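I opened the model with my notebook beside me and wrote down what I looked up, entry by entry. The sequence and the structure come first, and my notes follow.

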Amino acid sequence: MYTKENLEEKTVAELRSICRYDLEISGMSKKRKDVIIGAILDTVIQRQPIDNPHPVTLNKSQEKTTAIEASFRSNITKPEKKFGDRTTTLVKVSCGANTGDFSVTGKKVGSVAEMLREVLNVDRLSRGIVNGEYAEDTYELKPGDSLEFIKDAGVKG
Amino acid sequence: MNIKIIGLGGVGSIFSEKICRFLNYSVQSETNVTLIDGDTYENKNLERQEFSQFGNKSEVKKRDLMNKFNNIDFESFPYFVNRENILEVINEEDLVFLCVDNHKTRQIVSDYCKDLENVTLINGGNDFEDGNVQIYLRKEGIDLTPDLCAYHSEIRRAEDMLPSEMSCEELSQSEPQLYFANLSVATIMCWAFYNVTKGNYKYSEVYFDIPNMSLDSKIRKVKK
């Protein structure tokens, strides 16, 4: 149950998360804290159930699902999968000690080198290695691939 | 266990101290350590290198380590490694630590190890604020991890000169280095040694980057 007091104890990020995921209130991403709290309280009041004049006890299998806790991490859908069948499409890309997960599935190794040149400090002459083996610049990345651009070995010692 | 430490500069002078402490107190088997470097310890090395007195690095370090660790047999080889003398330096079954400051020596040592049946070569190098360590393992004539040149064309086509080919003036002009980068390489080489002795060579290369406070280990397949 949301009250003004317990909402005021939350951070703006937490309040925005309540709006977005719990109550599905849109347009709160740039609003001030007091505006967000007002919107939450208004929504809660509007959505309070009216006393049911004909209560029915449901069988276990018919019981309404009240909440689902789930975490999805997906940017696009696999082309070969059915519509709406979401999947992780991130590829680990690294150069030397710099590394990150990027949404580059379907892109070619050569274009990823250009795209991430400044982010990962990829040398212009650096070759790409996919899953531990040299790959051509035209290789198309698949979900779960690991792409490395070779960084020169340290010279001094 | 026969250990060869080639290069006793910023990395080698630190690494030899750390690895010998471990070998002296934590390893049961008979250990022989050969220290190899033709260079001289002098004033300009004070900020990054650990020696008790001036003189040839391999000989001074041998004396330093003998005084600290009496369970290890030490030898010195006061010359720079080149294609001619490498036969005297590296033998079958050796565990070689390469801590040099040029790719030409790395290329020579890697190529030589490729012709041996059983050898372990751990190479470290750094630039100013970053660096890497490579593990090359060869058993019964088969590469278990890629050699130093396999994924590093800059080592395969090394264009720098061997220290033995350089004049005194060229030798004295070295690029600035960060002590902590040397220290990082020495530490990761110790990790590599520990993992190899445990039979773990999944990761054959490790990179570090000091400004980003990051480190990443790489799995590389052996080229057929």
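Entry 1, a pair of helices. I looked up how helix H1 of chain B lies against helix H7 of chain B, and found that their axes come within 9 Å and cross at roughly 35 degrees; here axes are lines fitted to C-alpha atoms, for helices over the stretch in contact, and angles run from 0 to 180 degrees between N-to-C directions. From H1(B), the contact is made by Ile14(B), Phe15(B), Lys18(B) and Ile19(B), and from H7(B) by Asn182(B), Leu183(B), Ala186(B), Met189(B), Cys190(B) and Phe193(B). I noted that two residues are in contact if their C-beta atoms, placed from the backbone, lie within 7 Å. By class, this contact has eight nonpolar, one polar and one charged residues, where Ala, Val, Leu, Ile, Met, Phe, Trp, Tyr, Cys and Pro count as nonpolar, Asp, Glu, Lys and Arg as charged, and the others, Gly among them, as polar.

I also wrote down what kind of model this is: it is predicted, local features need pLDDT of at least 70, side-chain atom pairs count only at pLDDT 80 or more, and totals for chains, interfaces and linings use all residues. Residues are numbered from 1 along each chain as its sequence is written, while chains are lettered from A and ligands numbered from 1 in the order in which they are written.

Helix H1(B) covers residues 12-26, and its 15 residues reach 20 Å from the first C-alpha to the last, close to the 21 Å expected at 1.5 Å a residue; the expected span is 1.5 Å times one less than the number of residues. Helices (H or I, at least four residues) and strands (E, at least two) are DSSP runs, numbered from the N terminus. Which residues of H1(B) are buried? I found Gly12(B), Ser13(B), Ile14(B), Phe15(B), Ser16(B), Ile19(B) and Cys20(B), where buried means that 20 or more other C-beta atoms lie within 10 Å of a residue's own, exposed means 12 or fewer, and partly exposed is in between, with C-beta atoms placed from the backbone. The buried residues of H1(B) pack against several elements of chain B, including strand S1 (2-6), helix H2 (57-68) and H7 (179-197).

Chain A has five helices and five strands, and from the N terminus on they run α-α-α-β-β-α-α-β-β-β. I followed an open sheet of five strands in the order S2-S1-S5-S3-S4, with mixed pairing. S2 and strand S4 (133-134) of chain A stand at the edges, each with a single partner strand, so one side of each is left without a neighbour in the sheet.

Strand S1(A), residues 91-95, is mostly covered, since four of its five residues are buried. S1(A) pairs with S2(A), residues 98-102, in the antiparallel sense over five bridges, and with S5(A), residues 146-149, in the parallel sense over four bridges; strands pair if DSSP finds at least two bridges between them. Val93(A) has Gly100(A) as its bridge partner in S2(A) and stands opposite Leu147(A) in S5(A), while Ser94(A) stands opposite Glu148(A) in S5(A).

Most residues other than glycine have a negative phi. Glu24(A) lies in the loop between helix H2 (12-22) and helix H3 (33-46) of chain A, and is exposed, with 8 other C-beta atoms within 10 Å.In chain B, S10 (residues 205-209) and S11 (residues 214-218) run antiparallel and are joined by five bridges, with Asp216(B) as the bridge partner of Tyr207(B). Their hairpin has four residues between the strands, and Met213(B) there takes a positive phi near 50 degrees. Is Met213(B) buried or exposed? Met213(B) is exposed, with 8 other C-beta atoms within 10 Å.

The contact takes 16 residues from chain A and 36 residues from chain B. On the side of chain A that touches chain B, the residues divide into four nonpolar, seven polar and five charged.
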